[in-house]
Amino acid sequence: MIISVFGGSFGAEKEDVELAYELGKRIALKGHVLKNGGYNGTMEAAAKACREHGGEVIGVCVEGDPWVKPNKYSTKILHLPFEERVRELVYNNDAIIVLPGQVGTLYELLRAWIMAIIEKRPPVYFLGDRCVRLYETLAKDRWVREDQGKYIKAVRSLDEIDFLR
């Protein structure tokens, strides 16, 4: 399986970086391929763990990005214009897992979630306590219709994701 992982870069919280590392490790140990944004923060932590445990990492970076260089853990790096990068991360995978991040992560999450709803794709996994709280708030405040909730699985631990057990 190719698993796209979305998550934060600048200012990632320590617990999010630790969760990303465990996620990357689990992806490698299960024989899956990690695909992510290819930069620092949770992206780098997941990529590092995946590589340290024998896995393959595809980093999908923004073409011509002058601010950030790709991390050193990707076995393959794609450089694409921003919207093509998001499409690559959202569409060309077998599963999507979202870690806490910033506005870019939210954009990727919403894009993936909407495509799951429209195209009846597998649910997007929203991983970790912060992600669960965000989903619960969105649902409670009725930002999410009941029929749309089945396209996202808010989970606190990796053990709740069937293909990573």
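**Exercise 1. The Glu88 salt bridge**

Find the salt bridge that Glu88 forms in this predicted model, and state which elements the pair ties together.

Solution. 
Step 1. The partner of Glu88 is Lys35, and the closest N and O atoms of the two are 2.5 Å apart. A salt bridge requires a Lys or Arg side-chain nitrogen within 4 Å of a carboxyl oxygen of Asp or Glu, so the pair qualifies.
Step 2. Glu88 belongs to helix 3 and Lys35 to strand 2 (residues 33-36), so the contact ties together parts that are 53 residues apart in sequence.
Step 3. Decide on the exposure of each partner. The cut-off for buried is under 20% relative accessible area. Glu88 has 16% relative accessibility and counts as buried. Lys35, at 3%, counts as buried too.

**Exercise 2. Aromatic pairs**

Classify the ring pairs Trp113 with Tyr135 and Tyr125 with Phe163, and locate each residue.

Solution. 
Step 1. The structure holds three aromatic pairs. One of them is Trp113 with Tyr135, with 6.0 Å centre to centre and 50° between the planes. Planes under 30 degrees apart count as stacked and over 60 as edge-to-face, so this pair falls into the remaining class, tilted.
Step 2. Trp113 lies in helix 4 (residues 103-119) and Tyr135 in helix 5 (residues 129-140), so the pair ties together parts that are 22 residues apart in sequence. Both Trp113 and Tyr135 are buried.
Step 3. Tyr125 and Phe163 are 5.6 Å apart, centre to centre, with 85° between the planes, which is edge-to-face.
Step 4. Tyr125 is part of strand 6 (residues 124-127), and Phe163 is in the segment after strand 7 (152-155), so the pair ties together parts that are 38 residues apart in sequence.
Step 5. Tyr125 is buried, with a relative accessible area of 5%. Phe163 counts as buried at 16%.

**Exercise 3. The largest pocket**

Describe the volume and lining of the largest pocket.

Solution. 
Step 1. Its volume is about 420 Å³.
Step 2. The lining holds 24 residues, and Ser9, Tyr39, Met43, Arg85 and Gly104 lie nearest the centre of the pocket.
Step 3. Strand 1 (2-6), helix 3 (82-91) and helix 4 each supply at least two lining residues. Helix 4 gives the most, with five.
Step 4. By residue type, the lining divides into 13 nonpolar, eight polar and three charged.

**Exercise 4. The second largest pocket**

Which element gives the most to the lining of the second largest pocket, and how do the lining residues divide by type?

Solution. 
Step 1. The second largest pocket has a volume of about 230 Å³.
Step 2. Helix 4 and helix 5 are the elements that give two or more residues to this lining. Helix 4 gives the most, with six residues.
Step 3. The lining includes Leu106, Leu109, Ile117, Leu138 and Trp143. Trp113, a member of the tilted aromatic pair, also lines this pocket.
Step 4. The lining residues divide into 10 nonpolar, one polar and no charged.

Methods. Residues numbered from 1 in each chain as written. Predicted model: local features only at pLDDT ≥ 70, side-chain atom pairs only at ≥ 80, totals over all residues. Heavy atoms only, no water. Phe/Tyr/Trp six-rings, centres within 6.5 Å; stacked < 30°, edge-to-face > 60°. Helix = DSSP H or I, 4+ residues; strand = E, 2+ residues; numbered from the N terminus. Buried < 20%, exposed > 50% of the residue type's maximum accessible area, 1.4 Å probe, protein only. 1 Å grid on protein atoms, 1.4 Å probe; cavity = no way out; pocket = protein on both sides within 12 Å on 5 of 7 lines; lining within 4 Å. Points joined across faces, edges and corners; volume = space filled by probe spheres on them. Nonpolar A, V, L, I, M, F, W, Y, C, P; charged D, E, K, R; others polar.
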